[in-house]
Every structure is written in structure tokens, then in C-alpha cells.
Amino acid sequence: MEINFKNRDIISITDFCKEEILYLCKQAKEMHDLEKNNERDGLSNELKNKALAYMFYEPSTRTKTSFITAMRQLGGSWDGFSGIEGTSVMKKETIRDTVMMMEANHFDVIVMRHPLGGSLQWAADVALIPVINGGDGENEHPTQSLLDIFTLYLLSDENLDGISIGFGGDLSHGRTIRSLSLALSCFKDITIRWAAEDFLGMPEDLVELMKSREVGVIREKSVEDVISNVQFYYMTRPQLERMEGITQKDVMEMMKKYRIDLNKVKESNVKLMHPLPVNSEIAEIDYEVYFDGSQAFFQQAENGIFLRKALLHEMLKGVESVQFSGKLNHLLEYGNNRLKRIIKENVKEKRRFIDNITNGTVVDHLLPGTEQEIVAELDLMDRGSSAIPAHLPKSGKSFLKTDLRELNERELKKITLISPEATINYIKDGKVADKFVYLLCKNINCVTRVVNEDIPPKFYDDTGTIRCRYCRKSYSITSEKVSQKEKEEFINLLPEGIEQIKFHA
Ligand code: NCD
């Protein structure tokens, strides 16, 4: 098969196949060998005149620095921001516009980290230049998993089949466990064992996904049970920044039994990995372990340089510059999230509520009690539009009529955020001219839910499961009003995977 990373976005590890992962390991090994043989400078002109933009909306030490180091050692340059203070994000600039500015500044590649899931797919959709995911919320961190896999490759004589690995720490709120699990699922006979409190445990959807990819996932009672049965143990930091209403003290209590101290590792041959940073107060890895032969996490960090050098080299070497157009692709204007509902003619009940406006919009099947909030959110009164909210206690029906002829994307999103899966009816000359449900990803940390970012929601059909194009979480239609036929028709229209919607030069 032809392996080609030129101009490719690196958003999810699921976009890679086994051959591509192994190819990158091989290239990274070459970078490793050059370094170890004191021949690093041999590549110092490879990416001359290429520039990397870094956009870190969340803290980073390793990921940012290693991309910069990789760029520096390959003869390229870099610029960007770490933390939004001092940038126009403080002035409410969107991700879309910030990405466009990096392009206008003639960068050749962007690496970005952002707290919201799906933000990186969005950045990639906007940019003509390639975009690398440096971590999007709880979702993914593909280059971390590539460097983890590269570390495993070096420690396992370049054979990744048959690996047994333990997971510990916070398996629920981090992105490294998700991406690493997905990466490992490309290989044969992989076993994952883990032990943690339920709150920090491996997410159900990930366990299911692993099982469907024939990865053994076994929950053990204790860390000791895990360690005595695996070659590698991958510890992670509790992601406090992604836990609401939980203090560090609560987490320390939860993790007491699960910390890695010298006693747990000294009798075994396990290799201890960690994406880093370690939280030195919680000390999920005790300091004494740092001086023990089981420690492999600092090596992992250096391997990140080799892997990212290999990746940037593959992506940018010999690639022509992309000319900035200053224009957005029209495909970014439209989603595929409108579930068309069948318009029934002459239904009596419908007549009663709908026919008596000649032209306008009826928002139907609202969550009871949300009508007034929607009137306020859409500013209907101040705009001089009519607004007739109604709740009919007998039928339990809540709806809203307005003379607004159509609603724009922001208005539809605002309604859906307040009352998911309402039915929108556009009335023309006393007849229902269009009737649909506006579907919006239900993952509260998905970037598509940010109204001002203006991301038209897009879904795809992942062998029968509807998934959000951006955060890739599954979506199930819950409205009882939507019939099986309507659901099927909607799914039939979805693409079968993540389509590339940009057109590279
Ligand atoms: C990780 C991250 O940001 O997801 N850090 C990293 O890139 N090495 C892990 C973490 O912050 O816990």
C-alpha cells in the first residue's frame, strides 16, 4: 500500500492503519538512531523555510516543546501561543478565525490543543494547511499515542503483537488512554488490564469499542493484580480540570490504593509508562519509583521528539506552500443534521395548532417549561416578532409560534441547546412547507455546541451508529415523535465516515 502523509491532517488515531503506524515507528527509529550516533545535524536543512504554528488553548510542556524541538532540528521555524491571554481569543475571536490568521501568516502546519472535543476536526476543516491534534478535551491525543506505541515498539523488539498492558490512574477523563487503546487495537492479541474506582474507570463506550476490535479488556481488583499480569503499566494523572465538583482531596482519597509506589513494582519486570505530567501533590507515582529500573516515562518523552520529527518530515518535506485564499470553503456553511420529518396533510390536531398562522414558524414538541426561555434567547420580543408560547397540560404539549419565516443556524442551535430534538415547522401560505428536527451532538463538551463558533453539525454513519463528525461521540435519536422510517431515511443520507472536506493545493 502507498503510505503518504503529505498535507494530511492528524486528528484521530483511528485515521491510521497498522501499516502507517509501523511506518512511522520505523521513521522515528531512524531519528532515534541518528541522535544516538551523534548525527542529528544531518537533517538540519530538511524543513528549511517551513514553519509550524502552535495554538495551545490549554497548558502544555511536552507536546508544545517537542514539536518545536522537532521543527528546530529539521531546520524549520515556529511561532504561536500558549495560553489564550495575550491573544484575540480574549476578544472573543473564534477558533475558525484564529486558524485563518495562522494561514494568512503563511505557516505550513498547525499543531493545536483545545479543551473541547472536536475542536481539532473543526480547525482541520477550516484550514487548507494540515492540522495536528495536540489534544482535544477528553477526546484524543493521536501523537501522544504514536509516541507511546513507538516506545512500546522499542521496548518489545519492534513487535507490537501480543502486548499486555495495564492502565491506571484516571482512565475516564483523559485523552491519552482513549488514543492509546485505539492505537493498540490495530495490533493482534492485545490485552488491557486495569484497576480503578468506578469514577476513574475505563469508559463503557471505550471498553465496547475495544471488544469490537478484538482487544481483551479485563478489570482487576487491585493494581497488584494488574502488574503481576502485564509487561507494561501505563499510569495517568487525574484530570482534575475535567471534573466538576470534585476536589483534589477527594481524588487523593479515591486513588490511595492505586498509587504506584516502589512496593508495587519492585518484585516485577513491569515497565512503567506515563504520558506526564505527574501531579506531584497527588503523586500517582511515588518519587522513589523515579529512581527504579522500571521507570520508562522519561524515555517516552524523548521518543516524542523522534516521533514528531519523523511525522513533520513526512508531512512537509518537499511539499509546496499552500497559497492563502482568504476564503472559506462553502461546505463549512452546511451541516447534515436536519432530520426531515414527514409532512402529513390534513391532520386535524395539526390544524388546530398550526394552520392558524399563515406564514411563520412553529417549534413543536418542546420540553415543557422551555417556551419562555426560548422566546428570551431568540430575543423575539425586542425584535418585534410575534411569540405565542403554549403549554397544553392535558396533552403535555409545549410549542411556540412566531411569525419569523425561517430560523438561522444560531437560532436553531440555541433552541436545541434548551430543548433537544424539537420539531421545527416552517409555515407558508397556511401550509407546512418544511418540517425537521435539528440534531445537535449531546456531548456537552463538544465544540459544535458553542453557538458563536458557527459550526454546522455534521454526523456520519459508523456501521449503523450515528457519530458526530467533530467529537466522534455516538448519537442516538431519543424523540418519540420521530418514526423509525424518518430515522432510517436520515441515516441513509449520512456519509459512511469522516469525509475530507478541504481541498488541498
Ligand atoms: C497529556 C495530555 O495533555 O493529555 N500530556 C501530554 O501531552 N503528555 C496528559 C496529561 O495532561 O495528563
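Visitor: Is D157 buried or exposed?
Guide: This is a predicted model, in which local features need pLDDT of at least 70, side-chain atom pairs count only at pLDDT 80 or more, and totals for chains, interfaces and linings use all residues. Residues are numbered from 1 along each chain as its sequence is written. A residue is buried with 20 or more other C-beta atoms (placed from the backbone) within 10 Å of its own, partly exposed in between, and exposed with 12 or fewer. D157 has 7 C-beta neighbours inside 10 Å, so it counts as exposed.

Visitor: In which loop is D157 found?
Guide: D157 is not a glycine, yet its phi is positive, about 55°. Helices (H or I, at least four residues) and strands (E, at least two) are DSSP runs numbered from the N terminus. D157 is in the loop between α5 and β5 (164–168).

Visitor: What is the phi of D429?
Guide: D429 sits in the loop between β14 (423–428) and β15 (431–438). D429 is not a glycine, but its phi is positive, at about 50°.

Visitor: At what angle do α1 and α5 pack?
Guide: Axes are lines fitted to C-alpha atoms, for helices over the stretch in contact, and angles between N-to-C directions run from 0 to 180 degrees. The axes of α1 (residues 18–36) and α5 (residues 142–155) are 10 Å apart, and the packing angle is about 70°. That makes α1 roughly perpendicular to α5 (under 35 degrees is roughly parallel, over 145 roughly antiparallel, 65 to 115 roughly perpendicular, the rest oblique). The angle is about 70°.

Visitor: Which residue does a cis peptide bond join to L276?
Guide: The bond has an omega of about 10°.
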